[in-house]
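Let me put the model up, and then I'll talk through it.

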Amino acid sequence: MKSVIVVGVVAALVAIILALGADDPTGPNAFVIIGLSQGAVFGLVALGLVLVYKGSRVFNFAQGEFGTIAAFLVFVMVEQRFPTKVPYVAAAAIAVVLTVLVGLAMERVVVRPLLNSPRVILLVATIAFALFAIGAQVLAFLPEAKALPPMVTSVFGRSSFELYAFTLEPQRMLILLVMGGLAAGLAYFFSKTDLGLAVLAISQDSFATRVVGIGVERMSRFIWGSAAFLGAVAGVLYVPLTVLTPGAMTTGVLIPAFTGAVIGGMTSLPGAFVGGLIVGLIGSLSNWAGGHYMIGEGDTARLLGDIIKGTPDVAVVLALLIVLLARPQGLLGREA
Amino acid sequence: MTATAAETISAPAISRAPAKWRPSAQGWVFRAAVLVLIFGGIIWRTATIEQFWADRFALAAIYAVIGLSLNVVLGYVGQVSLGHHGFVGIAAFVSAYYVTEKAGCVPNECSLGAFGTGILFAVISGGVAALLLGLIALRIRGLYLALITLSYGFMAERSIFEIPFLTRGGAGMPAPRPDGFTTDRAYAFLCYFFLALVIFVDWRLLRSKVGRAVLSVKHSEPVAASYGINVTAYKTLAFVLSGLFAGLGGGLLAFHTQNVVSNDFNFAIALLWVLMVVVGGLGNRTGVVIGSAFFALFPFLLELIHPLEEAVIESGRAFGQVTIVVGAALAILTVIQFPGGIAEQLSPITRWLRGQKFALHPEGHGGKHKGHAHKKGALLAKLGLHKGDQHAVDGAPSEQQASANPPPEESAAAVADHGTPLRADNGAAGGGETAATHGAAAVAADDGTRGGDGSESAGDGDEGAAGDADDIDAVIRRRFPPVPSRTPPATGATDDEEA
C-alpha cells in the first residue's frame with residue numbers, strides 16, 4: 001500500500017515537472033528523461049544490492065563488478081570474436097550465465113566461509129573481491145576505454161525517439177522495460193513463493209531457519225547467484241550506453257545504486273526501484289539547476305561553477321545523508 | 001567498582017598462578033641486538049641504496065602513516081572508511097597550494113618553515129574534513145558508515161579535486177621539497193621521522209584514557225554508554241585522529257610526488273588502503289606498518305624478478321596493476337584463512353622481542369585450540385565483536401594484541417574513571433546488580449582471556465569467583481551469557497548495527 005503511494009507521488013511529481021516545463025526549451029524536461037533512464041540502471045543494480053542485503057545483511061560491493069564482468073564477456077565474444085563470432089543476444093545470454101557462475105564461485109570461496117563472521121568482515125571481503133575483479137580486468141584488457149555496441153538499435157523500425165529535445169535510444173527503453181519486469185517479478189517472488197520466504201527467513205534468523213529444515217548454504221548460493229544474474233543483466237544492458245573500462249559499473253553506478261537502495265529502505269524491492277529512479281532524477285535535475293542558475297561572472301561565481309561541476313555527485317551524497325539522518329529505514333523499508 | 005564485578009575482573013589475575021617468565025639479562029641483550037639490527041638495517045639500507053629506492057622507501061613510510069590512520073577507524077573503532085582518499089587528497093592539495101601559492105616556493109628554494117607550515121595545514125585540513133564527516137556520519141549506525149564515507153570520497157573526487165586553483169586544471173599543483181631534503185634519501189628519512197611520530201602518538205593515545213574509552217566503545221556501545229562514556233564523542237574523536245594522520249600522510253605524499261594530481265587519489269587506491277590494513281592485521285600497529293610498506297613496495301619488488309619485468313613491460317602493463325590483483329587476493333585469503341594477517345604470522349617473533357619465550361603459540365595456549373577457530377577468534381576480538389561461545393575457545397591470539405587491548409584492570413579502570421559506577425558496593429544487593437554491569441564485567445573479563453594467557457583456566461576462575469561471591473550472580477551469568485550467540489548471522493548484524 002505504502003509503495004503504491006510512494007510510486008504515485010514520484011510519478012505525480014515527474015508529471016508536474018514535465019507539464020510545467022513543456023513549453024520551455026531550456027527547462028528541465030530533457031533532464032527528467034535523462035534522469036529516469038539513468039535511474040533505471042541505478043535501480044537495476046540496487047535490486048541486486050537489496051536482494052543480497054535481504055539475504056545476508058551485507059552491502060555487496062561486488063555487485064557492480066558482476067555487471068562489468070558480463071560486459072567484458074560480451075565484448076570478448078562480439079567485438080573480439082573469441083572463440084568464434086556469436087550473435088549479440090546469444091553472447092549476452094552466455095555472458096549472463098558465465099557471470100552467474102562467477103557469482104556462485106564467489107559465494108563458495110569468499111562468502112560461505114564468512115557466513116557466521118561479523119558483517120564488517122564480509123563487507124571487506126566483498127570489497128576485496130570487487131578490487132580483484134577490477135585488477136583482473138585491467139590486466140586482461142588494459143585500462144583503456146572500449147565501446148560496446150548496443151543490443152537493440154531499432155524499435156518499430158525507428159532508431160531513435162525524440163522526447164522533449166532528448167533522444168531516447170532503444171537501448172534505454174529496453175533498460176526501463178527489463179527493470180520494471182524484474183522488480184515486479186522479484187516482488188512477487190518474495191511475497192508469494194516459498195523460496196522467497198525462505199530467503200527472507202534466512203536474513204532474520206539463520207539458526208531457526210535451519211531448524212525448520214531450510215538449507216542455509218543452499219539459500220546463500222541462490223541469493224548470490226541471483227544477485228550475479230541481476231548485476232550481469234544491468235551490466236550487459238547499460239555498458240553499451242557508456243564506455244567499457246575496467247570497473248565501469250563500480251565507479252559510475254555502484255554508489256548511486258547504493259544511494260537508491262538506501263533511499264528505498266535497503267530491504268524493499270519496490271523501494272530499490274523507486275530509489276534508483278529518484279537518485280537518477282536528483283542527479284540529473286541538480287545538473288540542470290547547476291547549469292541553469294549558477295553561471296555568472298567573477299571569482300566567486302567561477303569557483304561555484306567549478307564546484308558544481310560535481311553537482312550530481314554532491315546532490316546524491318546530500319540525499320543519502322538526509323535520508324540516513326532523517327529516516328534511516330528509508331522510504332519503504334521495514335525492520336525485516 | 002568494589003562490587004562483585006571487581007572481584008570477577010580480578011579473578012583471572014589470581015588464576016595466573018605461575019609468575020610470568022622473563023628473559024635473563026643476556027636474553028634482553030640478545031633481543032635488543034635483534035631490534036637494533038632490524039632498525040639499523042633499515043636506516044643503513046636507506047642511507048646507502050640508490051636514490052630511487054630511497055624514494056620508494058619514503059613511499060612505504062607514507063603508506064604506513066596512511067595505514068595507521070585507517071587502522072584507527074578500522075582496527076580500533078571497528079568501522080569501515082572507504083573515503084580516505086578524500087582526506088588524503090584534500091590534505092595533499094592544501095599543503096601543495098600553501099607552499100607554492102602562498103609561501104612562493106619553487107624547486108630547490110623552499111624553506112623548512114614553509115614546508116612545516118604546509119604539513120601543519122595538511123594535518124589540520126585532514127582533521128577538519130574528518131570532523132565534518134564524522135559529526136554527521138557517526139550518528140548513523142552500522143555498516144551505513146561505509147556507504148557514507150564511500151560517497152564522501154567520491155564527492156571529493158568529483159568536486160573538490162576539480163577546483164582549478166587547487167589542481168591547476170588537472171596539470172597538478174607543484175609541491176617542491178624543502179631545502180636540505182630535496183634528495184630522495186633525505187626525504188625518506190624525513191618520512192621515517194613522521195612515521196615514528198605517528199606510531200608514538202598512536203601508541204600513547206591508545207594507552208591513555210581516551211584509547212581505553214575508544215576500545216571499550218568498540219567492544220560494546222551500550223555497555224560503554226552505561227558507564228557514562230560518550231560513545232559518539234569518542235567515535236568522532238577517533239575519526240578526527242584518523243583524519244589528522246591521513247592529513248599528514250597526504251602532506252607527505254604531496255612532497256613525495258612533488259606534483260599533486262587528482263588522479264592519484266581515486267576510489268581504487270582507497271580500497272587498496274583498506275586492504276593493506278586488513279592484510280597487515282587489524283588493530284595491530286606493527287602488522288599495519290609492515291602490511292602498508294609491503295603494499296607500497298610490492299610493485300618494485302616484482303620488478304626485481306627480471307623475466308617477469310620483461311614480460312610485463314612487453315605486454316604494456318604496469319606492476320601497479322599487478323599489485324591490485326595480488327593485494328585483493330591476499331586480502332581475501334587473510335579474511336578467510338588467516339584473520340590475524342601479517343601480524344598473526346609474525347607474532348612468535350614479536351612476542352619473543354617483547355620478552356617472552358619463543359613459541360609458535362602464545363603461552364598457556366595448549367596445542368588444543370590452534371587452528372581455524374582461534375584464528376577467527378583473533379579477528380573477532382580485534383573487531384571487538386564476540387561470538388558468545390568464543391570466549392572459552394580462543395586463547396591469546398598474540399601478545400601484540402594484548403597491547404592493543406588493554407588488560408582487564410586497565411579497561412575496568414577506564415570505564416570507572418569515565419562515569420559513576422552503577423553500583424558502589426556489593427553488600428547484600430547481589431540480586432539487584434544490573435545487567436549492564438554484568439555485561440561490562442563480562443566484556444572486561446573476556447578481554448583478559450583474549451589479551452592475557454591461560455584462557456581456559458582464566459575463564460573457569462572467573463566463573464568460580466562469581467559463584468562464590470554471589471549465587472544469583474552466577475545463575476544470571478549462566479542463564480544470560482554476555483553476548484547472545486544463538487543466531488550468528490543475525491547477531492552479527494545487530495552487533496554491527498550497534499557497534
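So, first, what I mean by buried: a residue with 20 or more other C-beta atoms within 10 Å of its own, those atoms being placed from the backbone. By that rule, 52% of the 336 residues in chain A are buried. Keep in mind this is a predicted model: local features need pLDDT of at least 70, side-chain atom pairs count only at 80 or more, and totals for chains, interfaces and linings use all residues. Residues are numbered from 1 along each chain as its sequence is written, and chains are lettered from A and ligands numbered from 1 in the order in which they are written.

Chain A has 13 helices and two strands, taken as DSSP runs numbered from the N terminus (H or I, at least four residues, for helices; E, at least two, for strands).

Look at helix H7 of chain A, residues 194-204, where A:Val199, A:Ile202 and A:Ser203 are buried. They sit on the same side of H7(A), because they cover an arc of only 100° around the axis, going by the directions from the helix axis to the C-beta atoms. Among what covers them are helices H2 (29-56), H8 (206-211) and H9 (216-238) of chain A.

Now over to chain B. Helix H2 there, residues 25-48, reaches 33 Å from first C-alpha to last, close to the 34 Å expected, which is 1.5 Å times one less than its number of residues. H2(B) is hardly covered: of its 24 residues, the buried count is one.

Last, the contact between the chains takes 52 residues from chain B and 50 residues from chain A, with contact meaning C-beta atoms within 7 Å.

Terms used: Contact = placed C-beta atoms within 7 Å. Buried ≥ 20, exposed ≤ 12 C-beta atoms within 10 Å, placed from the backbone.
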